[in-house]
Amino acid sequence: MAKKTLAEKVAENSKAVYEGMKTNTIGSFSSMENIKQNLVILDELKSLISPLLQSEFLALKDNLQKHGCKDPLKVWQTTNQVISREGALDVPVYVLIDGHNRFQLCTELQIPFNIQIDNFDSLKDVRDFMIDFQLSRRNITPQQASYLRGLRYNAEKREFTDNFNHSISDTDFPNGHNDHLENNKATTAQELGKYFSVGEKTIRRDAEFARGLEKLDPTFRQDILKGVIKVEKQKIQKISQATDIIEPLKSIDELNSVFNNIKAIESPIKTPNTFDLMELKYNELTIQLKHVYRVPNRTNKEIAALEIAFKEFIETL
């Protein structure tokens, strides 16, 4: 008998639970209650939830106490292996992906709630879904929207860089044509700009904003996103350039100090825009890649030049 794959085991387990829930009322209640009592909260996903003001949080609490929790919480069914969590790799795990504030309040106030189980192939798919879902909310602020779009761009760029880095070696180059190296291929910023109905430059500025916010203490970051603390967006974009921040910034004073240090060491001579420089390096790399891919006999000198161009391109990201 062929050995079952992890996906097949999970599918069978899920089907068994589902069938048991259909045929056995007590089993159904017991299984669902067990899932609800063991929901997993991942900090990296929780951070994608738009923060509530204190007045909004209290209003939600009042509404839940008066009317109960009517909308189900969204849950992702996965395994320990997929989310890199300790424990048996193929054991089903249920991760909360929407309704974190309601879950907190319902747990504290002992208010019953229902869940909706969704399936995704990867953590990245869940992140993308959560970002899109948060951006669809009517009460989201411009800064929150900018942060979420920036997170999506930065994640896409990291994935591209990792995949590209692994695909290049001294000996493994295809001799054929590579569609991904065509000059008319849309950039990540262009694709996301079209997807979110904003300009390419907006996406790039969002990326700087998100990188800057990631250098802040989570509580400080949330207060900025909620509007409790007012900070110029350009300041946060500027501190994204800082490379010597050891501990997350926790206050306006610390943020201003880093910002002023960056401004102090900047040359008075106008330097190329970061994104213009990145585009220039990308174009140079593309030209060299296309040449190396199409030349049957590649010299060590050409491959070394390609490696240098690639490293320079990565440094501009």
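Reader: What makes valine 95 count as in contact with Val40, Leu42 and Leu45?

Author: This is a predicted model. Contact means heavy atoms within 4.5 Å. Valine 95 meets that with Val40, Leu42, Leu45, Lys74, Val75, Trp76, Thr78 and Ile83, leaving out residues up to four places away in sequence.

Reader: What makes the largest nonpolar core a core, and which residues have the most contacts inside it?

Author: A core is a set of buried nonpolar residues joined through side-chain atoms within 4.5 Å. The largest one has 35 residues. Leu45, Val95, Leu213, Leu216 and Leu255 have the most contacts inside it. Elements giving two or more residues to this core include β2 (92-98), α9 (200-213) and α12 (252-265). A second, separate core has 15 residues, among them Cys69, Leu73, Val75 and Ile111.

Reader: Why is glutamine 134 called buried?

Author: Buried means under 20% relative accessible area. Glutamine 134 has 2%, so it counts as buried. Its place is in helix α6 (residues 123-135). Beyond four places in sequence, glutamine 134 contacts Leu48, Ile49, Ser50, Asp98, Ile140 and Leu148.

Reader: How do you know whether serine 146 is buried or exposed?

Author: The same cut-off of 20% applies. Serine 146 has a relative accessible area of 0%, so it is buried. Serine 146 lies in helix α7 (residues 142-167). With residues up to four places away not counted, serine 146 touches Asp206, Phe209 and Lys233.

Reader: How do you know that the span of helix α4 agrees with its 14 residues?

Author: Take 1.5 Å times one less than the number of residues. For residues 54-67 that should give 20 Å. The end C-alpha atoms are 20 Å apart, so the two agree. Glycine 68 follows α4, with a positive phi near 80°.

Methods
Residues numbered from 1 in each chain as written. Predicted model: local features only at pLDDT ≥ 70, side-chain atom pairs only at ≥ 80, totals over all residues. Heavy atoms only, no water. Helix = DSSP H or I, 4+ residues; strand = E, 2+ residues; numbered from the N terminus. Buried < 20%, exposed > 50% of the residue type's maximum accessible area, 1.4 Å probe, protein only.
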